[in-house]
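This report describes the chain shown below. It begins with the overall fold and then turns to individual strands and residues.

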Amino acid sequence: MKNKKLKVKISKRDVAVVLLFNKKREILLQKKSLDYCWFPERWCLFGGGVEKDEKPEKALIRELKEELNYKLTNKKFLGVEKYQDKVGESFREGKQHVFYVLYKKQNFNVLLKEGADFAFFSYDKLDAVDIVDHDLKIIKKYYSGLFNND
């Protein structure tokens, strides 16, 4: 499959994303499919666009249901981060509404419905993974605050 052409040269888009960790403190990431227009075959946080008149929390719940058939519970709001993406001549920017979830069950039973793959990664291995830059910054910013009190 070829990468879809970006139709919009400049756009503004707010998104809601989740830092979903398992009990081993590994973070869940999604690998974008080859035909994804912004970052094909790169890893990123799960989540997606906040629609007009939609609250970020509701957008995240909807997106995780769409992407993984996962019912999001016990989430914690962490903050809002600005982001910018540039691919070729196309540019987008907006805010990332960041949430946190600790998945406590042994098995992660979901059905991948969007993207090419998903996997849990340990924090010390993240620099070796091809992660979208602004998502990696968010992970690094919040990780120590989430786990330094244990």
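The sections that follow treat the predicted model from the whole chain down to single residues.

## Overall architecture

The model is predicted, and its chain contains two helices and eight strands. In sequence order these elements give the pattern β-β-β-β-β-α-β-β-β-α. The radius of gyration is 15 Å, close to the 15 Å that the globule rule gives for 150 residues, so the chain is as compact as a globular protein of that length. Along the principal axes, the C-alpha atoms occupy a box of roughly 45 × 35 × 25 Å.

## Burial, surface and charge

Of the 150 residues, 43% count as buried. The accessible surface of the chain amounts to about 9200 Å², and carbon and sulfur atoms account for 49% of this area.

The chain carries 32 positive and 23 negative charges. The mean position of the positive charges lies 2 Å from that of the negative charges.

## Strand E7 and its partners

Which strands pair with E7, and in what sense? Strand E6, residues 76–87, pairs with strand E7, residues 90–103, in the antiparallel sense over 11 bridges. Strand E2, residues 15–22, pairs with E7 in the parallel sense over eight bridges. Strand E7 is mostly covered, since 10 of its 14 residues are buried under the cut-off of 20% relative accessible area.

Valine 87 has serine 90 in E7 as its bridge partner. The hairpin of E6 and E7 has two residues between the strands, and glycine 88 in this hairpin adopts a positive phi near 60°.

## Histidine 97

Beyond its neighbours within four places in sequence, histidine 97 is in contact with Asp14, Val15, Ala16, Val17, Val50, Pro56, Phe77, Gly79 and Val80. The C-alpha atoms of histidine 97 and valine 18 are 8.4 Å apart in space, although the two residues are separated by 79 positions in sequence. In a regular strand, side chains alternate between the two faces of the sheet.

With a relative accessible area of 43%, glutamate 41 is partly exposed.

## Glycine 115

Where does glycine 115 lie? Glycine 115 is in the loop between E7 and strand E8 (117–121). Its relative accessible area is 38%, so glycine 115 is partly exposed.

Leaving aside neighbours within four places in sequence, glycine 115 makes contact with Gln30, Lys31 and Ser33. Glycine 115 and isoleucine 131 are 16 residues apart in sequence, and their C-alpha atoms are 14 Å apart in space.

Methods:
Residues numbered from 1 in each chain as written. Predicted model: local features only at pLDDT ≥ 70, side-chain atom pairs only at ≥ 80, totals over all residues. Heavy atoms only, no water. Helix = DSSP H or I, 4+ residues; strand = E, 2+ residues; numbered from the N terminus. Rg over C-alpha atoms; globule rule 2.2 N^0.38 Å. Buried < 20%, exposed > 50% of the residue type's maximum accessible area, 1.4 Å probe, protein only. Areas by Shrake-Rupley, 256 points an atom, 1.4 Å probe, with all protein chains shown as cover. Lys, Arg positive; Asp, Glu negative; His and termini not counted. Charge placed at Lys NZ, Arg CZ, Asp CG, Glu CD. Pairing = 2+ DSSP bridges. Contact = heavy atoms within 4.5 Å.
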